[in-house]
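Me: Could you walk me through this structure with a few questions and answers? I like cut-offs spelled out.

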Amino acid sequence: MRDEIAVLIAAGLGTRMQPLTLKVPKPLVKVKNMPMIETMIRGLNRRGVKSIYVVVGYLGEQFQYLSQKYENVNIIYNDEYRSKNNISSVYAAREVLGEMDCFICEADIFVTDPSIFDVELHNSCYYGKMVEGHSEDWVFDQDGAGRITRVGKVGDNKYNMCGVCFLRAADAAIIRQAVIEAYRQPELCAQKYWDEMVNQNLDKIYMTVHPVEAGLIVEIDSEAELAQVDPDYRRWNLK
């Protein structure tokens, strides 16, 4: 077992995936008969991560079974999920950040191959997939040595964010403190993404991109996209 933890952000409303998410939180929507969040947990447990913290909000009670099914899973409740962006989920998990190396992951992505977590990571990094041409999504600017110099939206021919970040313990402590500082100005931080805290501290954190092939981590934002990945999705999600 590794001296690592993981924080899975699972508090959101999943509005783009309605009507499926009217009764089931998006991370628990099944893809190929497995809730998306469990594809992430499966990979992290394969790696040997010591503790996994699932930060819940919307329909949070539905996640409770995870702490019974997996002995290393703990539930943290984010009571600000309706009024603040995902920075609130990292804030809710602030007490566990900074003492061990840490994954911070979106819980509503489908991991098709859990072996993506097997790799040895020697410094803080984001998992990223290369997108040729223009992208409106979150991307990474890098210098000639591969160090990330910007985390933000919009770019051309760049690695795109996949929803998985790995932070060395010291770097996680920096992000923890940045999130706490942001919370001292609640009117400014309400709509912030936690990744903006990373972007603001890139002078203190050495971060690179860990490349992953397209299709190994799949973001699913609509029923149409779900049907493309899993034509049988209605059968799983009606159970």
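Me: Over which ring does the charged end of Arg235 sit, and at what distance from its centre?
Reply: Happy to start there. A charge counts as sitting over a ring if NZ of Lys or CZ of Arg is within 6 Å of the ring centre and within 35 degrees of the ring normal. For Arg235 the ring is that of Trp236, and the distance from its centre is 4.5 Å.

Me: What should I know about the model behind these values?
Reply: This is a predicted model, where local features need pLDDT of at least 70 and side-chain atom pairs count only at pLDDT 80 or more, while totals for chains, interfaces and linings use all residues. Residues are numbered from 1 along each chain as its sequence is written, and side-chain values use heavy atoms, with hydrogens and water left out.

Me: What kind of aromatic pair do Phe103 and Phe117 form?
Reply: Rings of Phe, Tyr and Trp (its six-membered ring) pair if their centres lie within 6.5 Å; planes under 30 degrees apart count as stacked, over 60 as edge-to-face and the rest as tilted. A search of the whole structure finds seven aromatic pairs. In this one the centres are 5.6 Å apart and the planes stand at 75°, so the pair is edge-to-face.

Me: Where in the chain do Phe103 and Phe117 lie, and how many residues apart are they?
Reply: Helices (H or I, at least four residues) and strands (E, at least two) are DSSP runs, numbered from the N terminus. Phe103 is in strand S6, whereas Phe117 is in the loop between strand S7 (109-111) and S8. The pair therefore links distant parts of the chain, 14 residues apart.

Me: How is the pair of Tyr126 and Trp194 classed, and are the two residues buried or exposed?
Reply: Their rings are 6.4 Å centre to centre with 25° between the planes, which is stacked. Tyr126 lies in strand S8 and Trp194 in the loop between helix H5 (186-189) and helix H6 (195-200), so the pair ties together parts 68 residues apart in sequence. Buried means under 20% relative accessible area, exposed over 50% and partly exposed in between (1.4 Å probe, protein chains only). Both Tyr126 and Trp194 are buried.

Me: Which residues touch the most other members of the largest nonpolar core?
Reply: A nonpolar core is a set of buried Ala, Val, Leu, Ile, Met, Phe, Trp, Tyr and Cys residues joined through side-chain atoms within 4.5 Å. The largest has 34 residues. Those touching the most other members are Ile104, Tyr126, Val151, Trp194 and Met207.

Me: Which strands stand at the edges of the seven-stranded sheet?
Reply: Two strands pair if DSSP finds at least two bridges between them. The open sheet runs in the order S5-S4-S1-S6-S9-S8-S10, with mixed pairing. Each edge strand has a single partner strand, so one side of each is left without a neighbour in the sheet: these are S5 (73-77) and S10 (207-211).

Me: In what sense do S8 and S9 pair, and over how many bridges?
Reply: Strands of a sheet pair through backbone hydrogen bonds, either parallel or antiparallel. Within this pairing, Tyr126 stands opposite Cys165 in S9. Strand S8 (residues 124-142) and S9 pair in the antiparallel sense, over 15 bridges.

Me: Is Thr149 buried, partly exposed or exposed?
Reply: Thr149 is found in strand S9 (residues 148-167). Its relative accessible area is 44%, so Thr149 is partly exposed.
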